[in-house]
Amino acid sequence: MSSRTRHGATDPARRPLLPLLTGQTGGRAAMTCRYRCGNACFHEAPNRSGNPYFGDVAAAALSRRTLLRAGAVLALTGGATGLASTRAGATPPPHTAGPAAVGLRFEPLTQQTGDHVTVPPGYLHDVLIRWGDPLFSDAPVFDPERQSAEAQERQFGYNNDFVGLLPLGRGDHVMVVNHEYTNEEIMFPGYDPDNPTRQQVETAWAAHGLTVVAVSGRRRGRRSGALDVVVDHDLNRRLPLSAEFELTGPVAGSHYVRTSADPEGRTVLGTVNNCAGGLTPWGTWLTGEENFHQYFANADAIRDPLERERLDRYGAESAETERKWERFDERWDLAQEPNEINRFGWIVEVDPYDPTSTPKKRTAMGRFKHEGATVRLAADGRAVAYMGDDERFEYLYKFVSAEAYRPDDDEHNATLLEHGTLYVARFTGDSPAGEIDGTGALPSDGAFDGTGEWIPLVSGTTSHVPGMTPEEVLCFTRQAGDAVGATAMDRPEDVEPSPRTGHVYAALTNNTDRTAEQADEVNPRAENRFGHVLELVEDSDDAAAATFSWRLFLVCGDPEDPGTYFAGYDKDQVSAISCPDNLAFDDHGNLWISTDGQPDSLGANDALYGVAVDGRRRGEVRQFLAVPTGAETCGPVITDERVLVAVQHPGEVDGANYENQASHWPDGGSSVPRPSIVVAYRADGKRTGHA
Ligand code: FEO
Ligand code: CA
Ligand code: CA
C-alpha cells in the first residue's frame with residue numbers, strides 16, 4: 001500500500017480548515033493532552049513524595065543512610081576513581097570541517113510548518129500503511145463515514161506509535177506497531193463528546209491495541225528502500241481491546257488483579273495506550289502501556305484511603321472519563337470493578353512470529369506509565385530492560401532477569417521477563433548545588449554530570465521496600481520508588497542502549513512544572529519546555545551493574561538559546577530540537593531522536609533528527625524529516641535501506657474536529673487525516689546518510 005493508492009472516502013461538503021489555534025498548555029496541543037494523556041499535564045503531578053531533586057550530595061547521602069537502615073540491598077561497587085575512568089564521553093573540541101558522520105550525510109532540513117512530510121533532497125517517501133487500510137482481504141474498504149468495530153478489527157488501527165521491523169528473510173519483514181490512543185473528535189463524524197454512541201466506543205476499542213503485519217521489500221527491485229504491505233500474510237494480526245492477554249510474574253493471580261470477569265486474575269482483555277517499545281534479542285516485541293489511568297472512571301467512589309492513595313498516585317479519573325467508556329462496559333468503572341485498573345500499566349511481550357501466541361503482561365517489570373522497554377544483555381547474559389515512567393517528576397527504571405539469555409532456546413528465553421530484579425535510579429551531581437541555577441548555564445566543571453545507583457525494589461518474591469509486599473512493589477511501583485528516594489525526572493520517555501557501546505540514552509521530554517528550586521544537575525532547567533537527553537554509562541560497562549556515571553548529552557531547544565547544550569558541538573552548526581521522545585540507533589551507532597511538542601515549543605512541526613554520539617561529530621544534531629500539521633514523529637526505525645516513522649495524530653490541533661479538520665494528510669483534498677507509517681529512502685538506491 002502506498003500513498004499513490006488512495007481509496008479513502010472524502011466528503012466534499014466538509015467545511016474549510018479552521019485557523020490553527022495556538023497557545024496550548026505544556027509542549028503540545030490541549031487536544032492531545034485530552035485524548036492522549038487524559039489531561040495529565042492539567043493536573044498537579046501525582047508525585048507528591050518530595051523525592052529529590054537531589055541538589056546536594058549531603059541530601060543524597062542522608063537518603064542512602066535511610067535506605068541502608070531500611071535494610072535495602074545496595075551493591076556499592078565502583079568507587080570514584082573507577083567511575084571517572086568510565087565516565088560518559090569527554091566533550092570533544094568543536095570541529096565542523098569535513099563531512100558529517102557516516103550515516104548522517106544528508107542535507108539537514110530547516111524547521112518545517114506545512115501539512116506534509118518533508119525529507120532531505122535526494123530522498124523519496126511513501127505512506128506504507130494508513131489507519132483503516134486492510135490487513136486482510138476481507139476487510140471493508142475504509143469509510144470514515146461508516147466505521148465499525150468489525151471493520152476496524154480487520155484494518156490498521158489508529159494513532160500508530162512504536163514501530164519495529166523483524167526479519168522474515170529475502171528482504172521481507174514482520175512489522176509491529178502500537179496504536180496508542182484514539183481521538184474521537186477528529187475520527188468520527190458528528191461526534192458528541194458528552195454522548196458518544198456505542199458504535200463509536202466499540203470502534204475506538206478496536207482502533208486501540210496492536211498490529212502485526214508483514215511487509216515486503218522485494219516488489220520494487222533490489223535498489224529501492226520502498227516497502228509494501230502483504231495483505232493476508234499468515235503473521236498478520238490485530239490485537240484490539242477484545243484480545244486476550246496473559247498476566248505473568250509475581251502479580252499474576254494475586255488479589256490485586258482479580259475481577260468478577262476474571263476471578264483467577266490471569267487473563268486481561270486488551271492493552272491500552274501503548275506508547276513506545278523495543279525488540280528483544282530473542283525476537284519478541286515489548287510494548288509499554290502508558291497513560292492507562294485516563295480510561296478508568298469514578299475514583300471518588302473508592303473510600304478506602306490506601307486504595308484511593310494508590311489510584312491518585314497514578315492519576316485515575318475522579319469522576320467520568322473523557323471517552324465515557326464506563327457507560328458501555330463496567331470494567332472501566334472503578335466503582336464496579338476496582339481492580340481492573342491494576343491489570344493495565346504493564347510491559348507487554350508479544351511473539352510476532354507466532355500468530356496464535358497469547359501476549360504476556362510482564363508484572364515482574366513493574367507497573368507505571370510505561371513509555372517502553374529496550375533490552376540489552378549483561379556481561380553474564382542476563383537480560384536488562386531499561387524503562388521510563390513518562391510523567392512529570394517520575395522515575396527511570398531497569399529490570400535485570402534472573403536467568404541468562406540462551407541463544408536458540410526460545411522456550412527458555414520466553415520466560416526471561418517473568419523473573420528478575422526491578423531497580424529504580426537515583427542520580428547524584430558532581431557540581432555544587434549553587435551552580436545549578438535553573439537556566440541551563442553549565443556549572444564550572446563544564447558538564448551536567450555525576451554518578452548514580454540502581455536501587456533494588458524487588459527481586460522475584462523478595463521485596464526490598466519496607467512495608468510493601470513484592471506484589472505491592474510491582475503493582476504500585478511509583479510508591480515503591482517514592483519510598484527509596486528515587487530521583488524525580490523531567491518525564492522519562494524512551495531509554496535506548498547503544499548496540500555499539502552499551503551506553504544508555506534517555507529522552508527527558510520536558511517538564512514545565514519544575515521550579516528553579518527543584519532544578520538539579522540531571523534536570524537542570526526550571527520550566528523545562530525543551531527537554532534533554534541523558535547519557536548513562538554502567539560501571540564496568542556491564543548492564544547489570546548497580547552503579548553508573550552519567551552526563552547530559554543534549555540540553556535541547558533553539559541553539560541560540562544560551563541554556564542549550566549539544567555535547568559541546570558548535571551550536572552554529574546544529575538543528576534546533578525540542579521535546580525528545582523516541583530514540584533509535586542506526587547501523588553506524590548514530591542516535592536518532594523523534595520529537596513530540598515542537599509546534600508549541602519551537603513553532604515548528606515535529607521532526608526526526610540524527611546525531612553522532614562518538615567522534616569529532618559528537619553532538620552535531622541534523623534534522624532528517626518533518627511530519628505534517630498537528631502530528632508527532634514516532635517509532636523511528638533507521639537502517640541503511642530506509643527510514644520508517646509513525647506519523648501519529650496528524651491534525652490534532654485545538655479547535656479541530658471531524659467537520660473542521662486541521663490536516664488532510666496523507667490523502668489531501670478534504671479527506672480525514674489518517675495516522676500512517678511512512679517509509680523514506682534514497683531515490684538513487686544508495687544507503688541512508690552516505691555520500
Ligand atoms: Fe506516549 Fe510518553 O509518549
Ligand atoms: Ca558537573
Ligand atoms: Ca512517546
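Is Asp449 buried or exposed, and what is its relative accessible area? In this predicted model, Asp449 is buried, because its relative accessible area of 6% falls under the 20% cut-off for burial.

**View 1. The calcium ion (ligand 2) and the residues that coordinate the metal.** The calcium ion (ligand 2) is held at 2.2 to 2.8 Å by Asp430 (OD), Ser431 (OG), Asp445 (OD), Asp445 (OD), Ala447 (O), Asp449 (OD) and Glu521 (OE). Along the sequence, these donor residues follow the spacing D-S-x13-D-x1-A-x1-D-x71-E. Asp449 belongs to strand 18 (residues 449-459), while Glu521 sits in the loop between strand 22 (504-508) and strand 23 (532-538), so the pair ties together parts of the chain that are 72 residues apart in sequence. Glu521 also counts as buried, because its relative accessibility is 2%, which is under the 20% cut-off.

View 2. Strand 27 (residues 591-595) and strand 28 (residues 607-611) run in the antiparallel sense and pair over four bridges, with Val611 in strand 28 as the bridge partner of Leu591.

**View 3. Strand 31 (residues 643-648) and the strands that pair with strand 31.** Strand 31 is mostly covered, since six of its six residues are buried. In a regular strand the side chains alternate between the two faces of the sheet. In strand 31, Val643, Val645 and Val647 point one way and Leu644, Ala646 and Gln648 the other way, and all are buried. Strand 30 (residues 632-638) pairs with strand 31 in the antiparallel sense over five bridges, and the two form a hairpin with four residues between them. Glu632 stands opposite Gln648 in strand 31. Strand 31 also pairs with strand 32 (residues 676-682), again in the antiparallel sense and over five bridges, and in this pairing Leu644 stands opposite Val679 of strand 32.

**View 4. The largest nonpolar core, with Leu457 among its members.** This core has 75 residues, of which Trp332, Met387 and Leu457 touch the most other members. Helix 6 (residues 198-207) gives the most to this core, with four residues. When residues up to four places away in sequence are not counted, the contacts of Leu457 include Tyr397, Leu422, Tyr423, Val424, His464, Val465 and Val484. A second, separate core of 27 residues includes Tyr423, Ile436, Leu536 and Leu552.

Notes: Residues are numbered from 1 along each chain as its sequence is written. Chains are lettered from A and ligands numbered from 1 in the order in which they are written. This is a predicted model: local features need pLDDT of at least 70, side-chain atom pairs count only at pLDDT 80 or more; totals for chains, interfaces and linings use all residues. Side-chain values use heavy atoms; hydrogens and water are left out. Two strands pair if DSSP finds at least two bridges between them. Donors are N, O and S atoms within 2.8 Å of the metal (3.2 Å for Na, K and Ca); water is not among the atoms, so sites may look incomplete. Buried means under 20% relative accessible area, exposed over 50%, partly exposed in between (1.4 Å probe, protein chains only). A nonpolar core is a set of buried Ala, Val, Leu, Ile, Met, Phe, Trp, Tyr and Cys residues joined through side-chain atoms within 4.5 Å. Contact means heavy atoms within 4.5 Å.
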